[in-house]
Number of protein chains: 2
Amino acid sequence: MSTIVEVARRASVSIATVSNVIRGTKQVSLELQERVRAAIRELDYYPNAIARGLKVKQTRMLGMVLPDITNPFFPGIIRGAEDTAFERDYFLITANTDEQIARERRIVSALRSYRVDGILLASAPGGDPAHIRSTIASGVSVVFLDRPVPAVSADAVLLDNVGGARECVRHLIQCGNRRIAIITGPLKAQNALERLQGYKKALNEADIAIDPALILEGDYRYESGNRLAKQVIQSRMKATALFVCNGVMTFGALNAFDELGVHCPKDISLATFDDLTLDHPSYSHLTAVVQPSYEMGARAATILMDRIEGSLIGDPVIVRVAPTLVVRESTHSPKRLLDHRRSGSRKPSSSR
Amino acid sequence: MSTIVEVARRASVSIATVSNVIRGTKQVSLELQERVRAAIRELDYYPNAIARGLKVKQTRMLGMVLPDITNPFFPGIIRGAEDTAFERDYFLITANTDEQIARERRIVSALRSYRVDGILLASAPGGDPAHIRSTIASGVSVVFLDRPVPAVSADAVLLDNVGGARECVRHLIQCGNRRIAIITGPLKAQNALERLQGYKKALNEADIAIDPALILEGDYRYESGNRLAKQVIQSRMKATALFVCNGVMTFGALNAFDELGVHCPKDISLATFDDLTLDHPSYSHLTAVVQPSYEMGARAATILMDRIEGSLIGDPVIVRVAPTLVVRESTHSPKRLLDHRRSGSRKPSSSR
DNA sequence: ACTGTATGTTGAATCGTTTAACACTGCGCA
DNA sequence: TGCGCAGTGTTAAACGATTCAACATACAGT
């Protein structure tokens, strides 16, 4: 692996000149430019970004810290961030926390050692955010992704959970449903709360009284979706529609229907807040609130890089990205169901 | 952001001593150790890994280059690699090529500038691999992931496509099928070829003649799966089973069945080489060859780090990881279907 | 008292860049 | 003739760590 010194020697110029032709920082005569380029080619020289980083105190590396890349919600986010970063010549170091605050701390420490220019962070909830505060205090920009961190002020790109849920429930109402059950996430989670809020808002706006019996608290996991969906059916609470607050629970609910011989949408309408099938919404027949994960990643990265480069200054920016409601067969009301076969073909929309 | 000099000053020791207590490279008296640690704490000091990297010529960063993290096959791989790397104190820089060789080249260049210690590479097929060769020649270890690169010799972790397809088709045969259609990938792709090979092998072993009419070449995309599945049904080639060589095409096939009113497995058995539903195999009722992506990533990372650290030397290692056949309802033969309802519940298996 | 050895600590060179400060060469012009 | 200036180049000092040779100290053995 050759160095700038060897290139300089081979081209018979000073290392400053080599640096200048590489970075275009100063005028260099065409002749020397040619000699330098030739030397670079012949030596297969790649400038040492590490040495450069040491000198100029920026690495053009961004940390991307999230719970679990295996959760289908995140790859889109990463892709959005990475593409945006790549365009501006930044790279991403990604790391998974598995929602463990201890691991998150270790990762953030490492990223600080690596002197990343900034960090995109979907933080594990509930822990002491001291590590985040000290990171910010040390001058490393941080943008929160998907999850705000209480009592820490920084830029953030979040989902409009209230709006998404509200729109979805409004759709259910428009389809003629008045008794709409909801399976929420764990209500100590911020976004679960917001989704429930959206549900209530939609009902209020339609002057439908809120029946607490229709509100079932799940935990975002399969089993709770399965169990609570059965409850919805068997307790005969006369719900004509069910709104499930994430994808995994929806799978549980679907299987519950299956086991009980309940058919959707014939017997009951179903809509889901979609965490899971995001990549292939088209393969599903479910009406869903889909999260614009690519866009979220892209926006967050843009904000972060703008902060780093100083083109964005001042108070923290909080962006709420709106999800889109994708209406599909699962919420066709029984009467409309008569011509249901005609819309049965489900081709994938082009996904970017 | 403080430096080792400031820490040394505050603890009234030399920078060498600070370095020694941080890295444990030399004995330091307990008293000085204490003073140094206190100073580190008070200054919120994080050793500069960039400066260190410059000096010791290793960064403990690994490049991870793959086509598209959004393809559900890859997150598992990344996770496997990252976890393994993290345990040994390495970090991953991930980047997507979108199968574009030009982008791959740009990424590899950047990684070389960053002086990553090694690269995990799922290379875009078909391009001139000169950039890979020169990378290896420069002393950066490369491990191929999922895809070998022709005419370049390096460690590789690949899937046993032949074995996977063979086992799956053998299963179909055991279920009583003798006319088994196959929708392959584009036969210029290595893995598509291998899967076809496995198909043929299984038929041969069962003394079933290979009928070219049953072999349909797709391109791994939705549309081809849809079109060719229709062909299988409509041309009345009397196939009793269909083996589709990746997940996306399988979705196409499923919708084709749907449109034509064909029921699986009552009318035809279906098995798939699973690229797509890997994350939630349990949500599907399809018999599938599932790829152990986590393991592939982990193995590849281990090999790479072993190479870097010199504990693995000698000729390239080629690991073929065996996929597992997961038998589900879609290949139950009609007679066995009679008691099908009993196995209808599909709960997710714990995914790691 | 002297030598030898073990233990602890430090000074200074080094890694590969960037960049400010300076040097040189011509040239136009008063 | 002498001056300023524009255009090109080079020198050398950082950047923040690691590491080795050298030094200091204490103590044991003779």
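In this predicted model, the contact between the two protein chains takes 45 residues from chain B and 45 residues from chain A. On the side of chain B that touches chain A, the elements giving two or more residues are α4 (49-56), α5 (73-87), β2 (91-96), α6 (101-113) and α11 (247-260) of chain B. Of these, β2(B) gives the most, with six residues. That side of chain B divides into 21 nonpolar, 15 polar and nine charged residues.

**Where the strands of the two chains meet**

- Strand β2 (residues 91-96) of chain A is joined to β2(B) by three bridges, and the two strands run antiparallel.
- I93(A) has I93(B) in β2(B) as its bridge partner.

**The sheet of twelve strands**

- Twelve strands form an open sheet with mixed pairing.
- The order of the strands is β11(A)-β5(A)-β4(A)-β3(A)-β1(A)-β2(A)-β2(B)-β1(B)-β3(B)-β4(B)-β5(B)-β11(B).
- The edges are held by β11 (318-321) of chain A and β11 (318-321) of chain B. Each has a single partner strand, so one side of each is left without a neighbour in the sheet.
- From one strand to the next, the twist averages 20°.
- Within chain B, strand β4 (residues 141-145) and strand β5 (residues 155-159) run parallel and are joined by three bridges.
- V143(B) has D155(B) in β5(B) as its bridge partner.

**Helices on the sheet**

- Helix α6 (residues 101-113) of chain A packs on the sheet. This helix touches β1 (61-66), β2 and β3 (118-121) of chain A, together with β2 of chain B.
- The direction of α6 of chain A makes about 180° with that of β1(A).
- Helix α12 (residues 293-309) of chain A lies across β1, β3, β4 (141-145), β5 (155-159) and β11 of chain A. Its direction is at about 165° to β4(A).

**Strand β6 of chain A**

- All five of the five residues of strand β6 (residues 180-184) of chain A are buried, so the strand is largely enclosed by the rest of the structure.
- Both faces of β6(A) are covered. I180(A), I182(A) and T184(A) are buried on one side, and A181(A) and I183(A) are buried on the other.
- β6(A) pairs in the parallel sense with strand β8 (residues 241-244) of chain A, over four bridges. In this pairing, I180(A) stands opposite A241(A).
- β6(A) also pairs in the parallel sense with strand β7 (residues 215-217) of chain A, over three bridges. Here the bridge partner of I183(A) is L216(A).
- The chain passes from β6(A) to β7(A) through helix α9 (residues 190-205) of chain A, in a right-handed β-α-β crossover.

**F273 of chain B**

- F273(B) is found in strand β9 (residues 269-274) of chain B.
- There are 30 other C-beta atoms within 10 Å of F273(B), and a residue counts as buried at 20 or more, so F273(B) is buried.
- Leaving aside neighbours within four places in sequence, F273(B) is in contact with G164(B), A165(B), R195(B), V244(B), C245(B), N246(B) and V289(B).
- F273(B) and Q291(B) are 18 residues apart in sequence, and their C-alpha atoms are 8.5 Å apart in space.

**Around DNA strand C**

- DNA strand C is surrounded by 29 residues, and the closest are I4(A), S19(A), N48(A), A16(B) and Q27(B).
- At least two residues of the surface near this DNA strand come from each of α1 (4-11), α2 (15-23) and α4 (49-56) of chain A and α2 (15-23) and α4 of chain B.
- The largest share, six residues, is supplied by α2(A).
- The residues near DNA strand C divide into 15 nonpolar, nine polar and five charged.

**Around DNA strand D**

- DNA strand D is surrounded by 28 residues, and the closest are S29(A), T3(B), I4(B), S19(B) and N48(B).
- The elements giving two or more residues to this surface are α2, α3 (30-43) and α4 of chain A, together with α2 and α4 of chain B.
- Here the largest share, six residues, comes from α2(B).
- The residues near DNA strand D divide into 14 nonpolar, nine polar and five charged.

Technical notes. Residues are numbered from 1 along each chain as its sequence is written. Chains are lettered from A and ligands numbered from 1 in the order in which they are written. This is a predicted model: local features need pLDDT of at least 70, side-chain atom pairs count only at pLDDT 80 or more; totals for chains, interfaces and linings use all residues. A residue is buried if 20 or more other C-beta atoms lie within 10 Å of its own, exposed if 12 or fewer, and partly exposed in between; C-beta atoms are placed from the backbone. Two residues are in contact if their C-beta atoms, placed from the backbone, lie within 7 Å. Ala, Val, Leu, Ile, Met, Phe, Trp, Tyr, Cys and Pro count as nonpolar, Asp, Glu, Lys and Arg as charged, and the others, Gly among them, as polar. Two strands pair if DSSP finds at least two bridges between them. Axes are lines fitted to C-alpha atoms, for helices over the stretch in contact, and angles run from 0 to 180 degrees between N-to-C directions. A residue is near a molecule or strand if its C-beta atom, placed from the backbone, lies within 6 Å of it. A crossover is right-handed if, with the strands pointing away from the viewer, the path from the first strand over the helix to the second runs clockwise.
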